[in-house]
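Please read it beside the model.

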Amino acid sequence: MNNKGFIQFITVLLLLASAYQLSFTFVTSSVEKSAASQAASMYPSSTIQKDSFEHRYLDSMSQEEVYPGLGFTYQECKENELNLGLDLQGGMNVTLEVETPAVIEAMANNTSDQAFLAAFEKSKKEYLGQQNFVDLLAKNYEAENPDGKIVSIFYGKGLKAELPNEYNSTNEEVFDYLKRESESAISRAFEIISTRIDKFGVAQPNVQRLDNGRILVELPGVDDPQRVRDLLQSSAKLEFWKVFPNYKGFEYLEQVNKIVYGVNQLNNMGNEDEATEIVDKKTSKDTSTSKDGDLFGDDLLASSDSAGNDSVQKSREEIQRENPVLSKLVPNVANEGKNWAQSAEIGYIDVNDVEDFKRYFKRKDVIAALPSNLYFKFGFKPIKIEGRDFIALYALKSGRGGQPALAGDVITDARPTRQDDLNLAVSMQMNQEGTSVWRRITKEASSSSPKECIAVVLDDQVYSAPTVQGEIPNGSSVITGNYELDEATDLANILKAGKLPAPAKITGETTVGPTLGARAINAGLISLAVGFLLVILFMIIYYGKAGLYADIALLVNLVFIIGVLAGLHAALTLPGMAGLVLTIGMAVDANVLIFERVREELQGGKSFKMAIKDGYSGAYSSIIDANITTIIAGVILWVLGKGPVMGFAVILVIGILSSLFTSIFLTRLLIDNDLKKGKETSFYSSFSKSIGQKLNTINWNFIGKRKTFYIISSIIIIGGIASLATKGVSTGVDFKGGWSYVVSVENASTAQVKEALTAKFVDANTEVKTYGSANQYKVTTSYMIDNKDADAGANVETALVSALSNFNVTGDNILSSSKVGPTIAKDITVRSTWAIALAIIGMFLYILVRFRNVGFSLGATTAIFHDVLVVFSLYSILWGILPFELSIDQAFIAAILTVVGYSINDTVVVFDRVREFIGQNRRESDQSKVINKAINSTLSRTLITSLTTLLVILILFAFGGEGLKGFTFALLVGVAVGTYSSVCVATPIVVDFMKRFKK
């Protein structure tokens, strides 16, 4: 081999670079072990104090030099260590979608253009995040009003300065402007989200800008998902509002009560006159409200009487019927109900009734009856009343045009502070303009009799509404609310980061608890260790000393892969560990090809030196072809895959490139070193020599029996198609959208868990399956998946815990959770379809270019279709029969593409030998015999490489954990079927093609 010195230099250089990259991980691990050890010795019995000490200790070490000799600080080492994915260390992964329709809607400023409004509503319904919203709006507006000019809707809202033609601008120019504005809004949202995360205090956060207005946020180690949801989804729309006195607000609620009561009666009796008469009687009977005196009259006060008396119970039912609104309110009163309390709250509403009140306030008849400057708003934090959660209700007073007294964009600083009573609050400072307006507002409020309240409103929720005691001249203000430290800190950070230009909603999220993450690490390490050990033993047993050299190359290969991974700052995920284990099996493939070729040359009578030279050179073509086709599949996964799937693809591609170097050059270097010393490297063991001789004598008639193989494959595929048509397949939340939870439930069967959840998750598709151990279940549900409220995730989790409360389930029993919204599900479906299609097209074109024969391309492509259909068929047939989950999800697609790459790998090796034999036997009249001989000559290599790969996949299946069961099962089936198809399907089709076209 030429350039041995260069190969040695590169190998040593790569090993040193990999060791350097991995050294940061060892350094940080050492510091963290020291912190844990000190915490355990100081607080042996208190987990909270132990965790707190560790956190403080590591914070104090952040700027300390901890890397001996090189002087890197702990923080710098932490930034360069090998990252673990969230599925291995626990944490939260969130996909946010900036609602660009809201940006356009705000710019349109309540336009009355019916064509635009129709096009806008149609676009919102059609928009699923797959294309640019403005392009969709332009298409629909053109369809609604082909001759319309949209410039009139947006002219004067920044458009005048943007376009040289001003009012004569074309629709295309206006839509281009809207595109730029929406893109700017997304960029600003990304910067604001990044700023919030920077202040959140999580080690190694990851914030990425995705396509179509999406932002990916990864937060390792987070154990409070709702806090993250609140932090990310808050638009930080801060406003200061004047407030109606609570007794005045109650008067307006009485009007709402009368309208709702009248409509209820009308609906019940169907007689408008009779209903009107009842409302009139009710109105004349009602007691007017004042600051002092009896607030509700005898009827409502009776509702607080004991429920033991039947007549009283009946009276309460009558009161609730006649007061559908007021009967749900706990009034904010003092002196045993004789006076209104001196605060802004009208009263308190059970959290379960809040949505009813929101519907009341949105009714057209209610809006028409109330003052135009009145806005009912709810408090942000529930309070406990007799053990139940209640939300405060306020009546806010707007200025001109429905605007607040002061907008929050005047805030320049915000920070958590302690008040005189030691309660936490958030203090804010305003700019010069805000200070001036604030001085005037507070002067007016404090000069009134009685003094007025000013409400601090964030994202349409009242955070506090203090009574103004005097003029505030310095532009300072405070938000109070009985905060915890984390809440006050997050609120201050949100205000400092600024207001989002458009709402950002969570369309996908995954939360993995530390317990499940630790299990995943253990499962992955066991799989890696056992798989590596078995491959090492097999290679030594079957190939002797040459197998030992292959093992050395494999070990170096592992160091290279992990070192490159650390250098790229890519995260090692659970599917990534699966990719690492799979790479072990596939890495020896090149060595098997070379070693089998060397054996052939030795059996042909060549000298050892010539056998090595010709064996390596003869195997190069097959090795390169086989690995390029697998790289094609890996790159497609890398580009189109997301999250863990992309992690798997990264490992796969890096592993293939690394294994090519180590398998070809490093083993040759070691063998040539033996030659230099006058030694011959053994390629046999006493065990394998007899097996090899037996395999070489095999001469099966694969081509002659091809129709039998066609029939076998057809039976499986037809059975699968029938199963798909009647039974279908289990589709994961990745494709249909929904929530997915792994929950620990003691002493409950799958049927009991499903029954309890189905009763709670009304009108939702809910599935429950066992997940690993006997007391773990995977729950998937579509409950509230279309709800865009910021607290939707918390509400679903609360409902889940409530439904399983009879089994003593709490929030701690939820080991992991994930959400895939409709837009993300659609995106995954599209990407997965493209991934499979592009992989097949890519394979077809590469085989066509490489072999310059359509027959070979058709044979390879047919084999790919065959393998994919068989895996799908078996997934459908065996769904519900096997004791683990078989779902079509992103991991399954990754497995399918890996199978495609592996199948074509096997096929190309066979094709390469077929091409070689045809070239040597061009005068042979019956080419099918030549091709059959070529297949048999590669049989030993085909079986050995498949065996090593299946061996490590089997280990991964056995020890890799429940999360990888379905994925590895697809790989097991796919590799076995791929080996079969490369010999029994792909090559026979080439023969049939050559016979059909005489070529």
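## Cysteines

Cys77 counts as buried because its relative accessibility is 0%. Cys453 is also buried, at 9% relative accessibility. Buried means under 20% relative accessible area, exposed means over 50%, and partly exposed lies in between (1.4 Å probe, protein chains only).

A search of the whole structure finds 0 disulfides. A disulfide is a pair of cysteine sulfur atoms within 2.5 Å.

## Basis of the model

This is a predicted model: local features need pLDDT of at least 70, side-chain atom pairs count only at pLDDT 80 or more, and totals for chains, interfaces and linings use all residues. Residues are numbered from 1 along each chain as its sequence is written, and side-chain values use heavy atoms, with hydrogens and water left out.

## Nonpolar patch

Leu533, Leu537, Ile541 and Phe687 form a nonpolar surface patch. Together they have about 390 Å² of accessible area (Shrake-Rupley method, 1.4 Å probe; for residues, only the protein chains shown count as cover). Patch residues have over 30% relative accessible area and no salt bridge; nonpolar side chains (Val, Leu, Ile, Met, Phe, Trp, Tyr) are joined within 5 Å, like charges within 9 Å. A salt bridge is a side-chain nitrogen of Lys or Arg within 4 Å of a carboxyl oxygen of Asp or Glu.

Helix α20 (residues 514-567) gives the largest share of this patch, 3 residues. Helices are DSSP runs (H or I, at least four residues), numbered from the N terminus. Leu537 lies in helix α20. Leu537 is partly exposed, at 42% relative accessibility.

## Negative patch

Asp51, Asp223, Asp224, Asp230, Asp789 and Asp791 form a negative surface patch. Asp and Glu count as negative, and the charge of Asp is placed at CG. Asp51 lies in helix α2 (residues 47-61). Asp51 counts as partly exposed, because its relative accessibility is 45%.

Technical notes:
Helices (H or I, at least four residues) and strands (E, at least two) are DSSP runs, numbered from the N terminus.
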